[in-house]
Amino acid sequence: MREPEDLFSPSHYANVRKPVGEAFNLPPWCYTSKRFFTREIEQLFGKVWNFVGRAERIANVGDFFTCDVATVPLLIVRGADGTPRAFANTCRHRGCAVARGEGNARSFICPYHAWTYSTSGALLGAPTEMEGSTGFDMKDYGLIPVRLESWGGFMFVNLDSAASSLADYLGNLPDLLADYDCSNLALGRRVEFDVPCNWKFYVENLKDALHVTTVHRNSISRFAPVGKYWREVQKTNGNMASTFMGYPASAMLFPDDAGFPPIRTLDMSKAGTTAPLIFPNLYISCTVDGAWYIHVNPVAPDRIRLEQGALFPRESLDRPDRDEVLTHYFRRLDMTQAEDNEICALQHQGLSSPLSRQGRYSTKEALVHQTVNWILDRVLDAD
Ligand code: FES
Ligand SMILES: [Fe+2]
């Protein structure tokens, strides 16, 4: 299907907006069009709270990392006062990226002409003979700040200075996950993948329960067949799709593998896995002994940078057998991650065909339908 001139007119999407049993999938151009992607970056990612990293990545004063959040280069740093901050990673002299990679710094010296910034963003030195530059005042040329707020060790940024708070955005998420004590979790491992697919394919897949018996038939579906365990869709403020699955053991392990003890604050008599997909692109799966998250960072219409983090209670990570036990979790996570990465790339390949057409949903795909409609709510022109 060729993309129309009036790409964002609601008329092209009326059949996606219907109830799931009557609805069609998004038109294929939504996954391939550069114009559609640019609109998503500006109208969606430019206005919502975007996950940027776990707080323990910058545990100490001066710790920093750089990243592209939905294509926007940022610098995340813990300042001398202990506060985590985000800045545009762009020098106020002539725009060079001031920091690269990650590490610990007392200040940031731009590699181009050595303008120097403090960890709280102030311009400390401009050694480029600025005496003749009329009206130039160092205090007006600090790094451009970006809003950063945290919940449960998850740091989020918002590029829109007028947006409401992260707490508003997350609604009742802290209540849904309270028993898992997310602030006491820490990274056992963080890995990244480049996957050649549109970001929406991967996000849809994270709340697609049907593929577990096909794509994961040789991994998780062997021990947790869909339908065998109680699964409930939880009530939220609409900025996420969250489910609870009553599987009473760790969803992060194969059943015969030894793991860490359960999270101390969990009541094991009603424990299971709570898995919110926080729109647009952060999936967290909290299970009985830890959690994992998947962050689907859009890079281009046909490319994502995917981050997978495995989180465990700090006391579990302090155990002497930590490294050996962690290998069991990673075996399980690596297997399903590879399966999902492959299927999403294949879906992108298939749907990129000029002969592809809008498909139909099963009513079992209500959360996928909810996800794409949340996206359309933010991307389309007003009626
Ligand atoms: S661009 Fe950074 S010092 Fe010149
Ligand atoms: Fe999957």
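Analyst: The discussion below sets the terms used for this predicted model against their definitions.

User: What makes the protein as compact as a globular protein of its length?

Analyst: The protein has seven helices and 17 strands. Its radius of gyration is 22 Å, close to the 21 Å that the globule rule gives for 383 residues, so the protein is as compact as a globular protein of that length. The C-alpha trace spans about 75 × 60 × 35 Å along its principal axes. Of the 383 residues, 36% count as buried.

User: What is in contact with G359, leaving aside its neighbours within four places in sequence?

Analyst: Two residues are in contact if their C-beta atoms lie within 7 Å. With those neighbours set aside, G359 is in contact with F24 and N25.

User: What makes β1 and β9 pairing partners of β10?

Analyst: Two strands pair if there are at least two bridges between them. Strand β1 (residues 50-54) is joined to β10 by four bridges, in antiparallel fashion, with G53 opposite M155. Strand β9 (residues 145-151) is joined to β10 by five bridges, also antiparallel, and here S150 stands opposite M155. The hairpin of β9 and β10 has two residues between the strands, and G152 takes a positive phi near 55° in this hairpin.

User: Why are β6 and β8 said to stand at the edges of their sheet?

Analyst: The open sheet has three strands in the order β6-β7-β8, with antiparallel pairing. Each of β6 (107-109) and β8 (123-125) has a single partner strand, so one side of each is left without a neighbour in the sheet. The twist averages 30° from one strand to the next. Three bridges join β6 to β7 (residues 116-118), and F108 has Y117 as its bridge partner in β7.

User: Which strands are the edge strands of the open sheet of seven strands?

Analyst: The order of this antiparallel sheet is β11-β17-β16-β15-β14-β13-β12. Its edge strands are β11 (185-195) and β12 (231-233), since each pairs on one side only. The twist averages 15° from one strand to the next. Helix α4 (residues 199-206) packs on the sheet, touching β11, β14 (273-278), β15 (282-287), β16 and β17, and its direction makes about 160° with that of β16. Helix α6 (residues 322-351) also packs on the sheet, touching β11, β16 and β17, and its direction makes about 30° with that of β11.

User: What makes α4 mostly covered?

Analyst: Eight of the eight residues of α4 are buried. Among them are W199, F201, Y202 and L206.

User: Which residues have the most contacts inside the largest nonpolar core?

Analyst: In soluble globular proteins, nonpolar side chains tend to be buried together. Here the largest nonpolar core has 87 residues, and V52, L74, V157, Y202 and A291 have the most contacts inside it. The core draws at least three residues from each of domain 1 (50-166) and domain 2 (171-357).

User: How many residues of domain 1 and domain 2 are in contact with each other?

Analyst: Eight residues of domain 1 are in contact with 13 residues of domain 2. The centres of the two domains, taken over C-alpha atoms, are separated by 31 Å.

Note on methods:
Residues are numbered from 1 along each chain as its sequence is written. Chains are lettered from A and ligands numbered from 1 in the order in which they are written. This is a predicted model: local features need pLDDT of at least 70, side-chain atom pairs count only at pLDDT 80 or more; totals for chains, interfaces and linings use all residues. A nonpolar core is a set of buried Ala, Val, Leu, Ile, Met, Phe, Trp, Tyr and Cys residues joined through C-beta atoms within 7 Å. A residue is buried if 20 or more other C-beta atoms lie within 10 Å of its own, exposed if 12 or fewer, and partly exposed in between; C-beta atoms are placed from the backbone. Domain bounds come from an automatic or database domain assignment. Axes are lines fitted to C-alpha atoms, for helices over the stretch in contact, and angles run from 0 to 180 degrees between N-to-C directions. The radius of gyration is taken over C-alpha atoms; the globule rule is 2.2 Å times the number of residues to the power 0.38.
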